[in-house]
Each structure stands twice: as structure tokens, then as C-alpha cells.
Amino acid sequence: ESDTASEVSFQLNRHKKTPSTGSHSSDMASVSSVSGSVLSVYSGDFGSVDAQGTVEFALDYDEKNREFQVHVSQCKDLAVVDEKKGRSDPYVKTYLLPDKARMGKRKTSVKKRTVNPIYNEVLRYKIEKMVLLIQKLNLSVWHNDPLGRNSFLGEIEIDLASWDWSNRKLNWYPLKPRSLSAVNGVDHRGVMSLSIKYVPPGSLGKWPKNPPSGEVHIWVKDVKDLLQLRPSGVDSFVKCYVLPDTSKKSYQKTRVIKRDTNPVFNHTIVYDGFHTEDLKDACVELTVWDHEKLTNHFLGGIRLGLGTGLSYGISVDWMDSTQEEVAFWQEMMLAANEWIEGLLPLRSL
């Protein structure tokens, strides 16, 4: 796919009684949106220490014992908590999200006075494989303070739906700062940077009427902080539909960006056939996928529309835009011919 503006015609399919959601039936991820606050996962002070260093671990599922195993090997170059004594007493903690309470936490032993602790311990969860596949593994490293509050040293989140289970080798992963998801209780999947613009019919020239029908321009810039599915990152691309139309005419996609959890797409899409009154009934759905040979994995998406639950008088489940998404769409509707910039969190759809 080229990065230049790709144009397609948008013909609203108003007569369909049950607008289908096209190729979105595989979004198993919708089961796993995190409800409620996740703050209680993190018993302890966030501390003033910046996350740094790496953790080495491997994941395995033991079919015979129906057991999920996290083999925590070691950490390197952790942050120093007690600067005076130049010490950290680190341990590793795991949770399965979103239902952290049900499966509980697992912890390694504490290693004293080291920023390069070696554990070689296996943390085990008795869980059915099907249930495991709608969870995320949250693995975090903490400094143990028996008298005060434990300090957070870094974390990583792994989406188990998309994990490559044939990979049982130990791999190194960078520890990240506390994710927004932990603080806001949100299912954090990354953030998309984009701009949108509405060009009303006839607004660009007198004769012949230019454009003959209205146009919606979507400029997908980049995505930051996608879920890490493999040690090498993800191979991602963005799909776009203007619902209720799920035909080939409505479908657009960017090129695939390989091995990058912060892909830059810089891809512009133009949909024509838009009348101003269609804007309240249509919804631009942008979804991010990890590209694999056999099946693409859903990573997260956004839906731009008025979020009314209705499209041309028909009740539809995809008209479910969040407050931020609705505000972004409304701003575009009010400012004809102007690019509106946005930074929107990806979510499960």
C-alpha cells in the first residue's frame, strides 16, 4: 500500500435492517475489557524511582496439569531505591487481568541488596487454556520495604490471546513505567494520533460543484505503545471502515509496519459520497491489527461518531463512541474544511 491519499467511494447502505460488523467477529478481545479500578493491584507507593532495566522470563502452558507457568529467570540494571545505602531489595509479582482478584497474585522471593537479582522461580496458575486466552499477564518488579511501602520498579503487560505458545525460551523484556491503565483502570492498548477533516459538497469551488459530494479525510499518523506480543514487537497495520457500510468500497488499510510497538503510518484516506446529514448516522471505525501468516490479531481500535446507538433509525452496537471520540467527531462537524487533530486511546471493540 502506498502512503499517498487513497480514495474510495462511500455509499451508505441505508436499507440494511441489520448492519453487519463485517470482519470483526474475531474480536475476542472484547471479552477482556477491564472493569473497575485496577489501582488496588498496586498495593504500595509508586515511589519516585524511574522504571529502568530488563526482566528475563518465559511463558508456558502445561496441558497435562492445566497450569499456566511463568518462569521468572532474572532482572538486570534495576533502579536503585535507597540511594544512601545504594540498595534495592527486588521481587517480581504477577497478576492475570482483568479479573485480578479471582486468580490472585504470585510473587517470587525477595533478593537483598542487588539491582541484578537472579530468581529462577516458576509462578503457577491453575487455569483452563480457554480462560487464559482472554487474560493479560501483568508482571511487575518491586523493591521490598518491610517497614515502609514497597516501591514500584517497572512492569510489562503481555496479551495472552496473541502470545506465541510455541515459544518457550527465556527472553529479555524492557521494564516500562506504570501504564496509564493501572492508574485509570483502563484497558490500555496504546494511543493513536490522527487528524480528520470534513469537506462539504460544493465548498471548494463554484462550477462544476466541487466536490460534488461531501468528503471525509482521515490522516492516520502513528500509534504509540501497542501491546507487545512477541519479543521482537509487533507487525501492525490499521484497517478502516465507514459503518454501516462494510463492503469492499468502505474497506481501507495501511501498509504493515514491522517489529515496532510505536509504528508511524502517515496514511491518508478520503471517503466521498458524504452528505452533511450522513455525519450523524455514520461511524468511522479504525482498528489496529498484528499481521501474522494464519490470522491477524486485534490490538485495539477507535470509533468516531456521535455514539447515539442508532444509525438511520436502526439500533446498532457499533455506535458506541466514547466521550473523547464523540467530541473529536463533533469538532470536525463544526469546523468544515479544517484538519482537527486528536490523540485517542485504543480500546477493545
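Rings of Phe, Tyr and Trp, the last taken by its six-membered ring, count as a pair if their centres lie within 6.5 Å. The legends below describe views of a predicted model.

**Figure 1. Overview of the chain.** The predicted chain contains four helices and 19 strands. Of its 349 residues, 53% count as buried. Contacts between residues at least 6 apart in sequence join residues at least 24 apart in 69% of cases. The accessible surface of the chain amounts to about 16,300 Å², and carbon and sulfur atoms account for 51% of this area.

Figure 2. Seven aromatic pairs are present in the structure. Phe-68 belongs to strand E3 (residues 67–76), whereas Trp-165 lies in the loop between strand E8 (151–159) and strand E9 (171–174), so the pair ties together parts that are 97 residues apart in sequence. Both partners are buried: Phe-68 has a relative accessible area of 0%, and Trp-165 has one of 16%.

**Figure 3. Tilted pair of Tyr-241 and Tyr-251.** The rings of Tyr-241 and Tyr-251 are tilted, at 5.2 Å centre to centre and with 35° between the planes. Tyr-241 is placed in strand E12 (residues 236–243) and Tyr-251 in the loop between E12 and strand E13 (252–253); the pair therefore ties together parts that are 10 residues apart in sequence. Tyr-241 counts as buried at 7% relative accessibility, while Tyr-251 is partly exposed at 25%.

**Figure 4. The cluster of Phe-68, Tyr-125 and Trp-165, with Arg-106.** Phe-68, Tyr-125 and Trp-165 are linked into a cluster by ring pairs. Arg-106 is positioned over the face of Tyr-125, at 4.1 Å from the ring centre.

**Figure 5. Lys-239 and its surroundings.** The charged end of Lys-239 is found over the ring of Trp-289, at 4.0 Å from the ring centre. Lys-239 also has a bridge partner in E13, namely Lys-253. E12 and E13 run antiparallel and are joined by two bridges.

Figure 6. Strands of a sheet pair through backbone hydrogen bonds, in either a parallel or an antiparallel manner. The open sheet shown here has four strands in the order E13-E12-E15-E16, and the pairing is antiparallel. E13 and strand E16 (297–304) are the edge strands, each pairing on one side only. Helix H4 (residues 323–334) packs on the sheet, where the helix touches strand E15 (283–290) and E16. The direction of H4 makes about 50° with that of E16.

Figure 7. Lys-221 is located in strand E11 (residues 214–224). With a relative accessible area of 15%, Lys-221 is classed as buried, because buried means under 20%. Leaving aside residues up to four places away in sequence, Lys-221 touches Ser-193, Leu-194, Ser-195, Val-264, Phe-265, Asn-266 and Glu-341.

Key: Residues numbered from 1 in each chain as written. Predicted model: local features only at pLDDT ≥ 70, side-chain atom pairs only at ≥ 80, totals over all residues. Heavy atoms only, no water. Phe/Tyr/Trp six-rings, centres within 6.5 Å; stacked < 30°, edge-to-face > 60°. Buried < 20%, exposed > 50% of the residue type's maximum accessible area, 1.4 Å probe, protein only. Lys NZ or Arg CZ within 6 Å of the ring centre and 35° of its normal. Contact = heavy atoms within 4.5 Å. Areas by Shrake-Rupley, 256 points an atom, 1.4 Å probe, with all protein chains shown as cover. Pairing = 2+ DSSP bridges. Axes fitted to C-alpha atoms, helices over the stretch in contact; angles between N-to-C directions.
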